Amino acid sequence: MIKGSNVALTALSEDVGTVIVSLGWASPTGEGDADVSVLLLDTNGKVRSDADFYFYNNPVAADGSVQLLGKTPTQDGNEDRISFDLTAVPPDVERIVVAASRYGEARFGELENLQVRLADAAGESLLRFAIDDAAEVSAIIFGELYRRGEDWKFRAVGQGYDTGLAGLATDFGVDIDDDAAEEEAQAGVVAEPGVEAELRVEVAAATAPATLEAVPAPRRPDTAEAGPVRRTAAPAPRPRTAKKKVTLPPTTRKSLAENESWKEARLFPVSVLKSDRDREMRATSVLLSVMAQVPEFGRRLTAPFGAPAGRMETFTEVSLPHGDTPRRPDGVIRVERAGKLWTALVETKTNGNSLKADQVQAYMDIAARRGYEAVITLSNDVALEGSPLVDVKIDGRRKHKVALWHLSLAEVAHQAQMLIRHEGVGNAAHAWLLQELLHYLQHENSGCHGFQNMGAAWVPVRNGIDDETLCQGDPRALEVVENWERLIRQVCLRLGGELGQKVLPAQRARRGSDPGARRVQLADQLCREGRLQAELRVEQAPGLLTIGADLRTGRLRTSVEIPAPEQGYPLTWAKRLIRHLAEAPADLHVETLVEGETGGPRGTLERLRPEPADLLPKNTATRITGFRLSLFKSMGSTRGNAESGFIRSVDDAVHRFYTTVVVHLDRPAPRRATPKEPVGT
């Protein structure tokens with residue numbers, strides 16, 4: 001969803017009597033957190049009494065309509081879940097506001113991945129709303145549930161308050177009385193450090209008109225737009241009524257580490273790594289130790305290689321006999337289940353170091369003689385479909401067969417990110433271990449940065465395209481195409497890890513085609529046209545995401561094609577599309593796709609916003625088949641992953657296009673759960 005949009009719950013699921021609302025965020029430091037609160041409002045937009053304000057000291061409604069379920073550890077912080085029994089909500093409650101607040105000097109702009117998700121009673125996810133513009137606010141209304149007749153709807157709000165929980169609560173008729181601390185100060189009483197200040201919360205009396213004037217209520221959601229930071233005026237003196245004591249979190253004390261040169265202590269330090277050998281040993285030990293201690297993570301990485309689900313043991317620098325000279329593989333993985341062992345040798349390379357065929361061959365021979373099941377190579381390189389990274393010979397005379405598998409460090413980071421950011425792990429210590437692993441892999445000194453070099457052929461091929469001397473059949477063009485495919489696979493892993501969705505190169509779905517022959521065709525196309533192109537299939541996206549690199553002009557183009565609706569009028573389609581793209585970049589190119597023609601009307605979003613009708617063909621009989629949305633940017637010139645590098649520019653282009661354009665588009669309608677027939681009918 002986008003800010004300000006709304007949806008009827010019955011349009012999402014047939015079972016919405018009970019819904020689960022989850023508020024999530026991530027902290028780069030691993031220490032940031034927030035507290036959720038819920039307010040039940042009447043037709044006047046105010047709480048009926050102090051019992052309508054639910055937070056950490058008042059988590060459950062007596063009638064069962066609201067229940068704060070607590071926090072679940074995520075990547076850097078927590079996710080708070082709230083259960084709503086909408087059938088038990090009193091009839092005079094019109095709106096339910098779901099918010100979160102931070103205390104002290106903490107602000108939501110310091111957190112990442114702010115989002116709210118809604119699921120039905122069966123746990124089926126129904127919607128998601130991400131807040132990208134939190135800025136310097138200490139409280140945010142994430143969303144609200146409200147009645148429309150007999151039905152409930154959800155609105156994505158994203159409204160911020162810079163006055164924290166006090167300002168938010170006051171806006172909805174709750175009075176925060178904080179003059180007790182001031183009275184103590186005047187009496188000469190000094191509070192001890194660390195003692196929590198107790199603020200009394202009361203419901204604004206109906207006989208206190210000055211209160212409502214001093215703190216104006218927000219506009220009704222029917223007409224209000226989710227605006228920027230809301231600044232509330234200080235409440236004026238008011239008559240006192242019966243108060244309910246609520247303890248708010250203490251003000252955060254300043255850290256002693258005020259010197260910016262101080263470094264936070266980490267479980268896996270990287271400052272002492274000086275050689276490639278040190279990096280390889282450390283990367284292997286760090287990864288294998290976390291795999292053994294976090295079963296769901298170890299299982300996620302080894303299951304595709306045929307390992308069973310069992311007790312995992314990992315070792316490093318194991319000496320194994322091999323001829324006159326013993327060999328030392330970087331690591332060994334052993335999984336035991338029901339008395340049977342599955343064992344794999346591990347060989348690791350970091351930075352841009354490539355795997356050595358003779359070394360891998362020796363480990364294959366050792367594994368075969370000792371009855372091990374697999375050899376796993378681990379590096380920054382990305383394996384291509386149907387093309388092994390290392391050519392090894394398999395002795396067909398041996399009865400025991402050993403499988404050779406490759407695991408890219410980008411895949412390792414992807415799986416860790418999926419677990420701690422999206423799927424969750426059942427143990428807070430496991431989540432912390434995975435976060436430390438991610439920090440290590442992403443550190444500039446670890447040598448585990450993923451695919452980061454387009455190869456020696458990149459510059460000659462670009463020069464050959466510029467001066468038109470690159471000929472079809474040139475092996476350097478094929479090398480560039482192969483590295484382009486590696487880059488796209490890594491882009492899919494990174495985007496999928498951020499979104500928590502499957503992102504795959506589209507060619508994976510094409511069966512029956514030879515990968516090698518396809519790459520040769522793409523290399524010939526590169527020589528003729530000077531372009532590289534790939535399609536990404538993003539789960540739940542309205543269409544394939546296309547990324548193209550024009551080496552002649554030095555520009556990248558990211559685009560997506562949206563099919564035209566089956567019903568309605570073309571002008572309605574155009575207006576709805578422009579309305580959905582209200583927060584998209586102004587330089588977004590929008591093109592109308594028409595049947596039987598190469599292209600229809602087009603223009604930038606900035607020009608089309610006041611006149612959506614300009615997207616319609618002049619010939620009203622022309623059939624519109626869809627719309628193409630595109631963003632352009634300059635591509636990096638160097639072959640590496642620096643800020644001026646081609647790899648970085650492609651990664652940034654895909655990320656920007658998805659987060660600023662695709663997220664605003666309509667998703668396919670979710671499947672409704674079909675009731676199971678009783679047995680025997």
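Of the 60 residues in the largest nonpolar core, the ones that touch the most other members are Trp484, Leu588, Leu629 and Phe646; a nonpolar core here is a set of buried Ala, Val, Leu, Ile, Met, Phe, Trp, Tyr and Cys residues joined through side-chain atoms within 4.5 Å, and buried means under 20% relative accessible area, as against exposed at over 50% and partly exposed in between, with a 1.4 Å probe and protein chains only. The model is predicted, with local features needing pLDDT of at least 70 and side-chain atom pairs counting only at pLDDT 80 or more, while totals for chains, interfaces and linings use all residues. Residues are numbered from 1 along each chain as its sequence is written, and side-chain values use heavy atoms, with hydrogens and water left out.

Leaving aside residues up to four places away in sequence, Phe646 touches Met454, Trp458, Trp484, Leu487, Ala549, Leu556, Met635, Gly636, Thr638 and Gly640, where contact means heavy atoms within 4.5 Å. Apart from this core lies another, of 41 residues, among them Val21, Leu40, Val66 and Val137. In soluble globular proteins, nonpolar side chains tend to be buried together.

Trp458, one of the residues touched by Phe646, is also among the buried residues of helix H9 (residues 458–466), which are Trp458, Val461, Arg462, Gly464 and Ile465. Seen down the axis of H9, these fall within an arc of 160°, so they line one face of the helix; the arc is that of the directions from the helix axis to the C-beta atoms. They pack against H10, helix H11 (515–529), strand S21 (531–538) and helix H14 (646–660), and H9 is followed by Glu468, whose phi is positive, near 60°.

Helix H5 (residues 295–302) has Phe297, Gly298, Leu301 and Thr302 as its buried residues, and they cover an arc of only 120° around the axis, which puts them on the same side of H5. Their cover includes helix H4 (276–293), strand S15 (311–316), strand S19 (403–408), helix H7 (409–423) and helix H8 (428–442). The axes of H4 and H5 come within 5 Å and cross at roughly 115°, with axes being lines fitted to C-alpha atoms, for helices over the stretch in contact, and angles running from 0 to 180 degrees between N-to-C directions. H4 and H5 are therefore roughly perpendicular to each other, a term for angles of 65 to 115 degrees, whereas those under 35 count as roughly parallel, those over 145 as roughly antiparallel and the rest as oblique.

Turning to the sheets, 5 strands form an open, antiparallel sheet in the order S5-S6-S2-S8-S9, where two strands pair if DSSP finds at least two bridges between them. Its edge strands, each pairing on one side only, are S5 (66–73) and S9 (125–131). Strand S2 (residues 18–26) is joined to S6 (residues 78–85) by 7 bridges, with Ile20 opposite Ser83, and S2 also pairs with S8 (residues 112–120) over 7 bridges, with Leu23 opposite Val116.

A further open sheet has 6 strands in the order S1-S11-S10-S7-S3-S4, again with antiparallel pairing. Within it, 9 bridges join S10 (residues 139–148) to S11 (residues 151–161), and Glu144 stands opposite Arg155 in S11.

Notes. Helix = DSSP H or I, 4+ residues; strand = E, 2+ residues; numbered from the N terminus.
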